[in-house]
Amino acid sequence: MVDQGEHLIYVTRDTIPMLKKIKQLYDFVDATTAQIQQSHPEEVKCHPGCGDCCHAMFDISLIEACYLAQQLTDQDAPLDQWRQAAEEAQASFQAQRQTAGDPAKARIRCPLLGPDDLCRCYGGRPINCRTYGTPTMIEGQGHVCGLSGFQAGGDYPTINLAPLQKSLFEYSEAIAPGHGHQRFTIAQVILFPQRFLLPPADK
């Protein structure tokens with residue numbers, strides 16, 4: 001059961017096939033970004049320890065939260081040790097949402113970012129993390145990492161985020177009809193992983 005404010009979402013057996021679908025979606029995205037990096041090695045600046053995208057403010061879909069929770073459980077992550085970082089990130093996220101500032105300019109350290117500036121659950125990272133260093137587009141607006149070498153107005157392969165977000169919505173809706181639009185933070189997954197996991201009787 002996922003509790004977000006006054007809404008209750010029940011995670012059921014239908015989560016299992018959707019977790020397989022999102023893994024396939026992640027594999028497709030990873031292959032696409034790898035192709036862009038291979039064709040534009042000077043422009044894509046991503047490397048272990050950069051961590052710029054790990055300070056961006058964004059939320060994730062229900063299916064991404066479920067996948068991340070499962071990954072954290074599978075690797076037996078020491079979530080209690082990450083609680084303080086998650087609580088600080090969640091407080092910063094909530095404070096930022098109450099301001100009139102541009103969330104795209106907000107800087108919040110992801111609680112999955114370790115002291116070595118490496119992701120503590122790289123295999124479970126959501127779509128935003130997987131596409132960050134490459135040119136993306138949604139609702140007609142292009143975006144690119146400010147540290148990259150991609151130049152404004154250049155002709156580069158671009159990942160359209162709209163169909164990816166549509167798939168995430170559909171997968172989320174499949175496991176919680178009527179709640180596919182709800183969003184969560186990575187901090188919430190760390191603080192309350194059991195809310196995004198199948199109950200024991202369903203396994």
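How exposed is Arg183, given as a relative accessible area? Arg183 is partly exposed, with a relative accessible area of 27%, where buried means under 20% relative accessible area, exposed means over 50% and partly exposed lies in between (1.4 Å probe, protein chains only). The legends below describe a predicted model in which local features need pLDDT of at least 70 and side-chain atom pairs count only at pLDDT 80 or more, while totals for chains, interfaces and linings use all residues. Residues are numbered from 1 along each chain as its sequence is written, and side-chain values use heavy atoms, with hydrogens and water left out.

**View 1. The whole protein, with its 6 helices and 7 strands.** Helices (H or I, at least four residues) and strands (E, at least two) are DSSP runs that are numbered from the N terminus, and along the sequence they follow the pattern β-β-α-β-α-α-α-β-β-β-α-β-α. The radius of gyration is 17 Å, close to the 17 Å that the globule rule gives for 203 residues, so the protein is as compact as a globular protein of that length; this radius is taken over C-alpha atoms, and the rule is 2.2 Å times the number of residues to the power 0.38. Taken along the principal axes, the C-alpha atoms fill a box of roughly 50 × 35 × 35 Å. Of the 203 residues, 41% count as buried, and among contacts with a separation of 6 or more, 76% come from residues 24 or more positions apart, a contact being heavy atoms within 4.5 Å. The accessible surface comes to about 11100 Å², of which carbon and sulfur atoms hold 52%, as computed by the Shrake-Rupley method with a 1.4 Å probe.

**View 2. The salt bridge between Asp59 and Arg183.** The structure holds 8 salt bridges, each defined as a side-chain nitrogen of Lys or Arg within 4 Å of a carboxyl oxygen of Asp or Glu. In this one, the N to O distance between the side chains of Asp59 and Arg183 is 3.0 Å. Asp59 lies in the loop between H1 and E3 and Arg183 in strand E7 (residues 183-184), so the pair ties together parts that are 124 residues apart in sequence. Asp59 counts as partly exposed at 23% relative accessibility.

**View 3. The network of salt bridges that links Asp30, Arg125 and Arg130.** The side chains of Arg130 and Asp30 meet at 2.8 Å, N to O. This pair links distant parts of the chain, with Arg130 in helix H4 (residues 127-131) and Asp30 in helix H1, 100 residues apart. Arg130 is buried, with a relative accessible area of 8%, whereas Asp30 counts as partly exposed at 23% relative accessibility.

**View 4. The salt bridge between Lys166 and Glu170.** The closest N and O atoms of Lys166 and Glu170 are 2.5 Å apart. Both residues lie in helix H5 (residues 161-175), where they are 4 residues apart, about one turn of the helix. Glu170 counts as partly exposed, at 37% relative accessibility.

**View 5. Glu43, a buried residue with no salt bridge.** Glu43 has its place in the loop between helix H1 (15-39) and strand E3 (60-61). The nearest side chain of opposite charge is Lys45, 7.4 Å away; here Lys and Arg count as positive and Asp and Glu as negative, while His and the chain ends are not counted. When residues up to four places away in sequence are left aside, Glu43 touches Ser148, Gly149, Phe150 and Tyr156.

**View 6. Pro126, in the loop between helix H3 (79-97) and H4.** Pro126 is buried, with a relative accessible area of 4%. Not counting residues up to four places away in sequence, Pro126 touches Tyr26, Phe58, Ile60, Glu64 and Ile186.

**View 7. Asp76 and Glu139, each with a positive phi although neither is a glycine.** Asp76, with a phi of about 50°, lies in the loop between helix H2 (62-74) and H3 and is exposed, with a relative accessible area of 67%. Glu139, with a phi of about 55°, has its place in the loop between strand E4 (136-138) and strand E5 (141-143), and is exposed, with a relative accessible area of 77%.
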